[in-house]
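Reader: Could you take me on a close look at one helix and the packing around it? I'd be glad of a connected account that I can follow with the model open beside me.

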Amino acid sequence: MKAGYSKMFYFMVGLILAVVAFTYLPVIFGISSTVKVVNLNVYSEKLREMLKQYPKKTIEIDKESDKGITFRIHNNNSHVQTVNVEKNPTKGGSSDNTKNTRSKTPKPTVKKEKDFDEEKKVLPTDKPVTPAPTPKKNNVLPDCSDKGSKLVGPLFIDQSIPKDMEAVEKDLSVDFGGTVEKGGKWAPTTCKPKHKVAIIIPYRKRFEQLKIFLRHMHPFLQRQELLYQIFVVEQLKNDPFNRAGLFNVGFVESLKMNKGFDCFIFTDVDLLPEDDHNYYGCPTSPRHMSVAVDKFNYRLPYATIFGGVGAFTKEDFQRINGFSNMFWGWGGEDDDLYTRITKVGFKLTRPSLKRGRYTMIRIHHFQSSKADPNRMNLLRNSGQRMSADGLNTLKYKLDKVDQQPLVTFVKIELKRSMYSK
């Protein structure tokens with residue numbers, strides 16, 4: 001009877017020791033026993049080295065084979081690494097010979113996995129670990145699409161006036177978590193842009209319209225995957241407004257800041273494109289963009305018009321000697337430009353009436369000058385005058401270049417008296 005109790009006692013003690021060994025031995029080595037139970041004796045040195053190399057991370061046993069064991073290392077960013085650890089070398093078939101294994105042990109090989117198995121039970125990490133970014137081969141990006149890869153087509157035109165410029169900056173500027181850099185610059189980060197575009201705006205006292213324009217145009221241009229910068233050329237003082245001269249100044253000053261610009265968009269601040277398939281990259285030939293404006297019932301007023309928004313390559317604009325500098329006040333400079341384009345043999349291009357639709361901002365439409373009374377006389381000799389009137393005769397006084405969060409202001413003095421000397 002006593003012998004029976006003794007056997008029962010030793011049996012219960014052995015059972016308890018076995019349960020304790022299987023329960024706590026994996027935990028001692030930093031591995032969750034709820035995942036898998038393995039013979040850890042053959043991995044002791046490897047495990048110590050691995051735990052030193054990957055401290056404060058969540059580690060679980062993935063699988064065991066004849067050659068070794070695979071551990072999965074997790075962090076809090078849904079990123080997983082697998083670490084392969086070979087068994088300790090053995091002598092005479094023994095698996096517990098661990099002498100000198102630390103000095104001879106190679107570093108564990110690491111490979112990355114994409115998916116994170118949330119259903120497996122793993123030890124919690126006490127510190128977030130950010131995975132290193134995957135390096136691109138030779139840091140070479142693929143070319144961006146010719147027309148942009150994120151286009152949506154027809155757009156909603158929001159003509160509501162932002163409270164202030166800071167409200168627009170909070171939505172778009174890098175200073176508030178956006179993507180537009182100081183000076184109104186942006187470039188795609190996932191592909192190599194095919195065109196570098198300067199957006200040139202002639203400007204005087206249209207601040208409310210400018211806020212609406214920037215809010216609309218920055219997302220528009222980014223969907224077309226263009227490297228671009230927006231320049232506002234402001235004519236100071238009270239001389240008659242010279243729209244064409246301001247365009248010329250914008251061309252010259254933008255190239256001073258970035259000689260890499262190869263495309264130039266000359267646009268009024270009150271015109272918003274209604275379809276992002278209307279491409280603002282380099283045209284094959286001088287391109288009249290705003291062919292269908294709501295003000296004109298989405299029709300061309302006349303066949304030779306080149307007003308509103310136009311696009312040129314750097315070489316084409318230089319070949320026609322830019323705009324005329326002689327138009328002071330409203331009107332005439334766009335018709336003069338059409339003559340320059342056709343005079344050198346360029347073929348004018350346009351988008352379709354469907355793609356080239358624009359909304360004109362009607363609110364706060366300040367007009368600083370009346371129509372130029374001399375415009376009809378100037379138009380009679382546009383072709384003969386173009387070689388001696390344009391970029392090569394441009395005169396102005398630069399007051400300040402001000403790079404703001406969403407735009408670069410080029411403030412100048414442009415006076416009629418500068419051309420009478």
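In helix H4, which spans residues 165-172, the buried residues are Met165, Val168, Glu169 and Leu172. They sit on the same side of H4, because the arc they cover around the axis is only 100°. Please keep in mind that this is a predicted model.

What do the buried residues of H4 pack against? Their partner is helix H5, residues 207-223. At the N-terminal end of H4 you will find a cap provided by aspartate 164. One of its side-chain oxygens lies 3.3 Å from the backbone nitrogen of glutamate 166.

Now for the core. The largest nonpolar core has 40 residues, and the ones that touch the most other members are Leu210, Leu214, Leu221, Ile230 and Tyr280. H4 is among the elements that give two or more residues to this core, as are H5 and several strands, including S6 (196-203), S7 (227-235) and S8 (263-267). H5 gives the most, with seven residues.

Leaving aside residues up to four places away in sequence, leucine 210 touches Met165, Tyr203, Val232, Val269 and Phe409. Met165 is also one of the buried residues of H4.

Across the whole structure, a search finds two disulfides. One of them joins cysteine 144 to cysteine 191, with an S to S distance of 2.0 Å. This pair links distant parts of the chain, 47 residues apart: cysteine 144 is in the loop between strand S4 (109-113) and H4, while cysteine 191 is in the loop between strand S5 (185-186) and S6. The link is right-handed, with 90° about the S-S bond. Cysteine 144 counts as buried because its relative accessibility is 3%, and cysteine 191 is buried as well, with a relative accessible area of 6%.

The other disulfide is formed by cysteine 263 and cysteine 282, whose sulfur atoms are 1.6 Å apart. Cysteine 263 belongs to strand S8, and cysteine 282 lies in the loop between S9 and strand S10 (287-288), 19 residues apart. This link is left-handed, with -90° about the S-S bond, and both of its cysteines are buried. If you number the bonded cysteines of the chain in sequence order, the pairing reads 1-2, 3-4.

Conventions:
Residues numbered from 1 in each chain as written. Predicted model: local features only at pLDDT ≥ 70, side-chain atom pairs only at ≥ 80, totals over all residues. Heavy atoms only, no water. Buried < 20%, exposed > 50% of the residue type's maximum accessible area, 1.4 Å probe, protein only. Helix = DSSP H or I, 4+ residues; strand = E, 2+ residues; numbered from the N terminus. Arc of directions from axis to C-beta. Contact = heavy atoms within 4.5 Å. Polar contact = N/O pair within 3.5 Å; in protein donor to acceptor, adjacent residues only side chain to side chain. Core = buried A, V, L, I, M, F, W, Y, C linked by side-chain atoms within 4.5 Å. Disulfide = S-S within 2.5 Å.
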